Amino acid sequence: MDTRVQDGAEAPPEGCPTVEVSHPAGQWTVAEVGAWLAARSGTGELAELALEHAVSGRALLRLTEGTLRRMGVAPRSRRRELLRELLRLRLQQELEELLSVAGGEQPPRRGRGLRVGPGRD
């Protein structure tokens with residue numbers, strides 16, 4: 001599957017498969033989580049673990065180092081790398097949600113607050 005990543009996270013290294021997802025990571029199915037993990041790791045091992053443990057998108061965003069260790073993700077450097085990828089994904093999700101709440105506006109300039117006009121909450 002050679003499509004571009006649309007979840008906002010950084011693309012994997014050249015030659016590594018990517019995943020096309022059009023909805024927030026928190027709503028991903030177990031299969032979509034598996035595809036994202038396979039694209040990030042370059043192997044199917046993490047995808048298999050996600051399927052075995054039924055890791056949905058919501059659960060993926062809540063994974064911790066302890067959870068990954070209990071799932072059998074080793075060595076520690078691999079868990080740390082995956083946690084960095086998850087942090088990028090969480091940050092992208094937060095940014096998209098904030099922009100959505102702000103009505104798709106660009107982030108306010110330095111020193112200026114967000115303007116709220118009539119008819120907006």
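# Reading the helices of a predicted model

Tutor: Ala54 is found in the loop between α2 and α3. The model is predicted: local features need pLDDT of at least 70, side-chain atom pairs count only at pLDDT 80 or more, and totals for chains, interfaces and linings use all residues. Residues are numbered from 1 along each chain as its sequence is written, and side-chain values use heavy atoms, with hydrogens and water left out.

Student: How many helices and strands does the chain have?

Tutor: The chain has 5 helices and 0 strands. Helices are DSSP runs of H or I with at least four residues, strands are runs of E with at least two, and both are numbered from the N terminus. Along the sequence the pattern is α-α-α-α-α.

Student: Why is Leu46 called buried?

Tutor: Buried means under 20% relative accessible area, exposed means over 50%, and partly exposed lies in between, with a 1.4 Å probe and protein chains only. Leu46, in helix α2, has 7% relative accessibility and therefore counts as buried. Across the chain, buried residues make up 32% of the 121 residues.

Student: What does Leu46 touch?

Tutor: Leaving out residues up to four places away in sequence, Leu46 touches Leu37, Ser41, Val73, Arg78 and Leu82. Contact means heavy atoms within 4.5 Å.

Student: Is Glu45 buried, partly exposed or exposed, and what makes it so?

Tutor: Glu45 also lies in helix α2. Its relative accessible area is 40%, so it is partly exposed. The C-alpha atoms of Glu45 and Gly34, which are 11 residues apart along the chain, are separated by 9.3 Å.

Student: How do you know which way α1 and α2 run relative to each other?

Tutor: By the angle between their axes. Axes are lines fitted to C-alpha atoms, for helices over the stretch in contact, and angles run from 0 to 180 degrees between N-to-C directions. The axes of α1 (residues 30-41) and α2 (residues 45-52) come within 7 Å and cross at roughly 160 degrees. Angles under 35 degrees count as roughly parallel, over 145 as roughly antiparallel, 65 to 115 as roughly perpendicular and the rest as oblique. α1 and α2 are therefore roughly antiparallel to each other.

Student: Which residues make that contact?

Tutor: From α1 they are Val30, Val33, Gly34, Leu37, Ala38 and Ser41, and from α2 they are Leu46, Ala47, Ala50 and Leu51. By class, the contact of α1 with α2 has 8 nonpolar, 2 polar and no charged residues. Ala, Val, Leu, Ile, Met, Phe, Trp, Tyr, Cys and Pro count as nonpolar, Asp, Glu, Lys and Arg as charged, and the others, Gly among them, as polar.

Student: What makes α1 oblique to α5?

Tutor: α1 and α5 pack at an angle of about 120 degrees, with their axes 11 Å apart. That angle falls among the rest, so α1 is oblique to α5.

Student: Which residues of α1 and α5 meet?

Tutor: Trp36, Leu37, Arg40 and Ser41 in α1 meet Arg78, Leu82, Glu85, Leu86 and Leu89 in α5. The residues of this contact divide into 5 nonpolar, 1 polar and 3 charged.

Student: What span is expected of α5, and what does it reach?

Tutor: The expected span of a helix is 1.5 Å times one less than its number of residues. α5 (residues 76-101) has 26 residues and reaches 37 Å from its first C-alpha to its last, close to the 38 Å expected. For α1, with 12 residues, the reach is 16 Å, close to the 16 Å expected.

Student: Which residues of α5 are buried?

Tutor: They are Arg78, Arg79, Leu82, Leu83, Glu85, Leu86, Leu89 and Gln93. These pack against α1, α2, α3 (57-60) and α4 (65-71). In α1, the buried residues are Val33, Gly34, Trp36, Leu37, Ala39 and Arg40, and what covers them includes α2, α3 and α5.

Student: Which peptide bond is cis?

Tutor: The bond from Ala74 to Pro75, with omega near -5 degrees. Pro75 lies in the loop between α4 and α5.
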